[in-house]
Amino acid sequence: MASQIKARYEFPGGQRLEITQGDLTAEDVEAIVNAANAMLQHGGGVAGVISRKGGPQIQEESNIWVREHGPVSHANPAYTHAGRLPFRYIIHAVGPVWGEGEEAQKLHDAIWGSLRLAEALGIRSLAFPAISTGIFGVPKTFAAQVFFQTIHDYYAQNPHSPLKLVRITLYDDPTLEAFLETFEAWRNTTSTSA
């Protein structure tokens, strides 16, 4: 089932940010972001769903990545192919655990690093989950503020980016509501400061 677009914002360079509700693994985009841990062990949460649907290739490639590069940092996500899923790549981003300190910077780094890597891979459309808002415990509104500001700043610095569509795909109603409320406030302040 296709996701439903709940909100949309267009940047001056023509790139779009969309908030959708639905299944991340069914999005009509070239790549998705996985909310990963540093060792790329895809057991639970979003990572578990992606790994189960995509098949063993995703975990196998992830294991090879960690052997060759070491644990994944916030600022430098990993990537693998998508196995049975219909994407060119999966970008594995490591968000912060709430309470460990510098959560805003770490989440910013994970989002920015994913955008930069997507562009380097030639991706034109990318979908994120709400990184760190599940078992990592980051409050949904806090995460939403970091997401919108980071994506805005990325396009402000890269106005000709060929990454034309960024989606934040949310599954459950509480996360969707938190992101939509934060989005409205963010869009209002962004349009008045433009």
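## Close-up views of a predicted model

**View 1. R16 and E18 form a salt bridge.** The side chains of R16 and E18 meet, with N and O 3.1 Å apart. A salt bridge here is a side-chain nitrogen of Lys or Arg within 4 Å of a carboxyl oxygen of Asp or Glu. R16 is partly exposed, at 30% relative accessibility. E18 counts as buried, at 0%. Buried means under 20% relative accessible area, exposed means over 50%, and partly exposed lies in between (1.4 Å probe, protein chains only).

This is a predicted model, in which local features need pLDDT of at least 70 and side-chain atom pairs count only at pLDDT 80 or more, while totals for chains, interfaces and linings use all residues. Residues are numbered from 1 along each chain as its sequence is written, and side-chain values use heavy atoms, with hydrogens and water left out.

**View 2. E18 also meets R8.** This salt bridge spans 3.4 Å from N to O. E18 lies in strand 2 and R8 in strand 1 (residues 4-10), so the pair ties together parts that are ten residues apart in sequence. Helices (H or I, at least four residues) and strands (E, at least two) are DSSP runs, numbered from the N terminus. R8 is partly exposed, at 44% relative accessibility. Salt bridges link R8, R16, E18, E27 and R167 in a network. The count of salt bridges comes to nine.

**View 3. E30 and R88 form a salt bridge.** Their closest N and O atoms are 3.1 Å apart. The pair links distant parts of the chain, 58 residues apart. E30 sits in the loop between strand 2 and strand 3 (31-36). R88 sits in the loop between strand 4 (78-80) and strand 5 (89-94). E30 is buried, at 14% relative accessibility. R88 is partly exposed, at 38%.

**View 4. Strand 7 (residues 165-170) is largely enclosed by the rest of the structure.** Six of its six residues are buried. In a regular strand, side chains alternate between the two faces of the sheet. On one side of strand 7 lie L165, R167 and T169; on the other lie V166, I168 and L170. Both faces are covered.

**View 5. Strand 7 pairs with strand 2 and strand 6.** Two strands pair if DSSP finds at least two bridges between them. Strand 2 (residues 16-21) runs parallel to strand 7 over six bridges. Here Q21 stands opposite L170. Strand 6 (residues 125-128) pairs with strand 7 in the parallel sense over four bridges. S125 has L165 as its bridge partner.
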